[in-house]
Amino acid sequence: MRMPWLPLALLALSPSLGRAQITWAPQPMSLSDSDDFANQQRLYELLRQAYFTDYEAARPSHRLQHVLSEELSDFYRKVPARPSLALAVAMGKYHFAWYQQDGKEMDVHSVREAAELLGLSIQFSQCDRPDLPSEVFFQRMCHARWPYAILLFSELGREFASRYLTEEAADTLERAVATFETMKRLPYYANGPWQSPYDVNFNEEFFPAAAHGPVWEKAQVPLAELLGSLPLEELRQLGEDPVFDALSFEHSRLEGQDSWPEGAWRAVEFKGKDWQTRACHFAPRTCSFLSTRPELGCPNAHAALVRLRPGGRLKPHFGAAPALQLHVPVLEALGARMSVGNRTLSFKLGEVLVLDGTFIRQEWHNGVRGEQLVLKVTICHPCEESQRPLYGALTCARPSGQRALASAAPAPAAAASVPFAAAALWAAGLPELARCSAISEQCPPDSQHGGPNPLSALNTWNYAMNNLRAALRHSAANVDPEVMTAIGQVQAGIQSFLGAPSLEQYAPITQLAEQIFEALRPWLQQQPPAALVLPRTRRSFAVPADGRSPGSLAFRLSNGVEMPAIGFGTWKLEGQACYEAVTAALRLGIRHIDTAEAYQNEAEIGRALREAQVPREEVFLATKATSVALGMAETQYLDAIFANQLQALQTDYLDVYMLHAAGVSGEKLQEVWRNMERLVDLGRVRALGVSNFGIEELEALWAFARVKPVYLQNIFKVYKQGEQILGKSPLSVLDWAQEHGMVMVGYSTINSWPHLLPPLEDPHVLQVASDVQRTPSQVLHRWALQHGVAVIPKASSVERIRENAALLDFELSESQMAQLDGLATLSESTEGEKRPSWREDVFGLGQPAPAVAASFVEAMRDQQCIRQPEEVKATHFTLGGGGHMIEHCQKACEAQADCGFLVFYEQTGFCHMFRSCQQQLPASDGAVLWARQ
Ligand SMILES: NC(=O)c1ccc[n+]([C@@H]2O[C@H](COP(=O)([O-])OP(=O)(O)OC[C@H]3O[C@@H](n4cnc5c(N)ncnc54)[C@H](OP(=O)(O)O)[C@@H]3O)[C@@H](O)[C@H]2O)c1
């Protein structure tokens, strides 16, 4: 919910801390009257910046606390006239005005106001309307607003009860129950099992059919057993070390006033981008153990050492889903407690607690001495597809009729077939790449967009190399180190060329790449697809799969304009061909057409629209300002160009008008944008958009735009998920856009343009297409939709237009989404670095190549050794539990004199070791029998 973009100029705080200085002015237009979510994010960031100004770990203080409270009160008074502020003020109060200013106890007035305001925000955003489509319910974060309203009322009620204010307690708890009952009547929550406000949790949104409760049995979670025997001395020392406070400040997420008194509750995070954090330096054994665990292999997972001092408390909150938490007491203190949902727990040394922190949760220490120190490990939810093999018989299926928030179907825990070897051969063998063996007329160094050129050729080689590396890695083949060195040289050469092209470097890189493939082709040709259990990646959007018509799925822009999510692109369609294609698209029910000044086909589109006789208001018409935006015409011509576009399209307004690219900047861009805004003021344009903008450009525009763009049209294909050239931001453009209330429309989803790889032929895509029995084009467009990205495929024939629109009668599972998401990492990663940084490492490209022990040979597949008589087993027969890697299994076998064979189950990570293996039995779970040499 936080964003780094708020103009800091607004925060010009002087040491005198005058309150006028943090008021939202002088940019009142930063407020939206329709997008209350964007307002919330802006106010949150503003308050957060102010709250932490002058804060230091060694001298924690929040001298601005009273200023913030007064500012919040000012905003509170504005809400009746401006209900779009209700959410912002409610969450501002939750984050920054939970405790009284002297930090003693809950500020009950402030919390009551926050609860009432959340109720108001629910009405404002229509989250209480039973007819709100579930995807809109989700987009407006209704599923978070309701639980927060319940949290605020119920915790306020509890506070009154603890102060023996029985009447207030009864009234407030009744409000909590009434809010809960109203929420439960919404179709989104229909048939849900929750009975009371304290049953609310977020994990159930992901896995409704799993058994849910605030506290889990330890025996259900193998990692809990292992953590129970973790040596704790280094954690104890870290908790006592003065560095703890500094580390906690460094790593804290700085969420605002989340605990009191200052410093009484502190956490030190062990996992940053990786497990090499400064905190890990003080707790190397803990980090090295946790870093190998598959239970922490998903985005939500992390680990922290948490310290609670006497008299301290952490206010009620929800944890992010899907995840579970394991709490390992390191020091135990009398009086330290926590509540999770309706359960209250105390801590005992040696007893690991397993809980679901997505229930309402808080911690407190009523004792007067002794610190509570706990290692808190947040793990992937056992029902996540990547985790299922670790947990044996666990019920996770999603029953029909339950609310299905994340759209992906509950695919069984089967491994995905990932054809790295075939993809490596395919990419390296593309005819267009062959034309780029050397720089020539066929492969000119002038790398204007599209077609064979050195840059796109090296991009393609990088994809081939990463697929090759993955094929080697997942085959567990015994790889000659020289091969790995050569691959590394090619990839290093590619990166250096892409950074600073130098033509003489080019041929040596491609020649070495060709030699590697020449040598490995026979091996690659024999490799089957790797069987991988893929971790879940981003959360999917709920996209219907009930066969409804393509025009009926709409994404709502944040200014309220509805945009059909499946449109039609018209680039390179000209004259009669364009007229016919657009006519066919309209006949097939498509109600969203995309064009541009540069396409020179607006007149044909206008004619098709008029003759199709579809009412104008039923069609969503998007076009682009090309020449002005690209600096090819003076800004004063925008009006004239726009008027020509309207005339050609035979309409008097556009649904979206966008800048075709960020061609101009600074003053010039501001002038162009003012002209665009004027078109909105005049009622000629319903929504403004931009195209081909990266995060920096969006931020620049955001800083001055009075009317913010609500629409972003960028490249969105499996290899380039938002940007033609990968930027350096740790956030993807899509995330940035969605966090700022913009809807993204993806272009060139199936085209090779402007690079060389044709996604429709990619073996990875063909594999998923064959799994779901749909065409590659349908799979790729559906993939974009499930990311919340609208699509505008262009096609020339009726058959293809029909095919491309048939996207609402099937869905991609989490695993298939992850497989397609991972293609960006195969496209962008270098030898030593998984890229894009924001994309999950589903194929393990960021991990060092495992050194497979040379002393084992693969003897058989899908076979296991018989386990009788008992003497055939090695002294240590099993590594215990699943989730291990082959190299751990081999090392364990090597460490035993009597281990001659091992069976490793690739899908579950179980490892069994034998003295002898004279008889075998068929086995599932990807069993591989290895013989020690
Ligand atoms: N804002 C920008 O800068 C920008 C840039 C590029 C594109 N766009 C917009 O986005 C739209 C889509 O992008 P795009 O045109 O580059 O690429 P695309 O829609 O991803 O791909 C179009 C190509 O795929 C072929 N095709 C279509 N359906 C197919 C199918 N079912 N099976 C096999 N091939 C199929 C088409 O061939 P046929 O035509 O021969 O059927 C055409 O060659 C454009 O038309 C334009 O409106 C915007």
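Mentor: Welcome! Domain bounds come from an automatic or database domain assignment. This is a predicted model, in which local features need pLDDT of at least 70 and side-chain atom pairs count only at pLDDT 80 or more, while totals for chains, interfaces and linings use all residues. Residues are numbered from 1 along each chain as its sequence is written.

Trainee: Which residues does the domain assignment give to domain 4?

Mentor: Domain 3 covers 416–532 and domain 5 covers 856–932. Domain 4 is given in two pieces, 551–757 + 777–806.

Trainee: How far apart are domain 4 and domain 5?

Mentor: The distance is taken between the C-alpha centres of the two domains. For domain 4 and domain 5 it comes to 56 Å.

Trainee: How many helices and strands does the protein have?

Mentor: Both are DSSP runs numbered from the N terminus: helices are H or I with at least four residues, strands are E with at least two. The protein comes to 31 helices and 30 strands.

Trainee: What share of the protein counts as buried?

Mentor: A residue is buried if 20 or more other C-beta atoms, placed from the backbone, lie within 10 Å of its own, exposed if 12 or fewer, and partly exposed in between. Of the 933 residues, the buried share is 50%.
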